[in-house]
Amino acid sequence: MANAGKIHIPDDLGDVIDDEEDDDWKNWGKKTPTPSPQFDLNPSDLDNMDPSQIQAEMIKHHTGPLFGFIKLRLGVLRTPDEVSEIAMKWSKVSKTGGLEVKFMGVDLSTVMFTMEAGQDKDELKEFILEQPDAYEVKIGDVVYRRPGDPPLEEVIEMLRGETGNSFEGHEKDEL
């Protein structure tokens, strides 16, 4: 009765077949494959596009490193430390969502980001525009804002009209 609850497992496990890992386990840690040729632009399509359309199409399929700039909401006075805290917070929160992005304060109204996996650009753009401190994000020559938000230049002009010219030097302040 003393051995009733014990199971003896031999040291020789040569005849045991371990097939419990699924495909996700087997592929863990491997680099993601490069996009298939179906994403390549057809040269005949390029003839009918202007340069900005070509650039937008190329950015859609970008898989290498990526960087860009985020304009913070204007009209809010921030210290260099506050901008650094925003950048640090965004870096930490984006990692919890699986985005490998580094944010750095550039000046009192701009944050720069770098990203190794450019194929996650759309997810990053969505993340940034969900942040209450962000106004717009610029990746390459393309600027993204929330739907209905006016261009940054219009906001600057509005703020200049409300506060006189005291706003003029604020956007150029460096950290």
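Biologist: Quick overview first. How many helices and strands are in the chain?

Modeller: Six helices and five strands. Keep in mind that the model is predicted.

Biologist: And what pattern does the chain follow along the sequence?

Modeller: It reads α-α-α-β-α-β-β-α-β-β-α.

Biologist: What share of the residues is buried?

Modeller: Buried residues are 26% of the 175 in the chain. The accessible surface is about 12,700 Å². Carbon and sulfur atoms hold 54% of that surface.

Biologist: On to the core. Which residues of the largest nonpolar core touch the most other members?

Modeller: Ile-70, Trp-90, Phe-103, Phe-113 and Ile-128. That core has 22 residues.

Biologist: Which elements each supply at least two residues of this core?

Modeller: Strands E1 (66-72), E2 (101-107), E3 (110-115) and E4 (134-139) do, along with helices H4 (80-96) and H5 (121-130). There is also a second, separate core of six residues, including Leu-152 and Leu-159.

Biologist: Back to Ile-70. What does Ile-70 touch, leaving out residues up to four places away in sequence?

Modeller: Among its contacts are Trp-90, Phe-103, Phe-113 and Ile-128. Ser-109, Glu-136 and Val-137 are on the list too.

Biologist: Now the rings. How many aromatic pairs are there?

Modeller: Four. One of them is Phe-103 with Phe-113, a tilted pair with 6.3 Å centre to centre and 55° between the planes. Phe-103 sits in strand E2 and Phe-113 in strand E3, ten residues apart.

Biologist: Are those two buried or exposed?

Modeller: Phe-103 and Phe-113 are buried.

Biologist: Which residues form the aromatic cluster?

Modeller: Trp-90, Phe-103, Phe-113 and Phe-127 form one cluster.

Biologist: New topic, Arg-146. Where does Arg-146 lie?

Modeller: In the loop between strand E5 (142-145) and helix H6 (152-163).

Biologist: Why is Arg-146 called buried?

Modeller: Because its relative accessible area is 19%, and the cut-off for buried is under 20%.

Biologist: What lies 2.6 Å from a polar atom of its side chain?

Modeller: The backbone oxygen of Gln-131. Arg-146 also touches other residues, including Arg-73, Ile-128, Glu-130, Pro-132 and Tyr-135.

Notes:
Residues numbered from 1 in each chain as written. Predicted model: local features only at pLDDT ≥ 70, side-chain atom pairs only at ≥ 80, totals over all residues. Heavy atoms only, no water. Core = buried A, V, L, I, M, F, W, Y, C linked by side-chain atoms within 4.5 Å. Buried < 20%, exposed > 50% of the residue type's maximum accessible area, 1.4 Å probe, protein only. Helix = DSSP H or I, 4+ residues; strand = E, 2+ residues; numbered from the N terminus. Contact = heavy atoms within 4.5 Å. Areas by Shrake-Rupley, 256 points an atom, 1.4 Å probe, with all protein chains shown as cover. Polar contact = N/O pair within 3.5 Å; in protein donor to acceptor, adjacent residues only side chain to side chain. Phe/Tyr/Trp six-rings, centres within 6.5 Å; stacked < 30°, edge-to-face > 60°.
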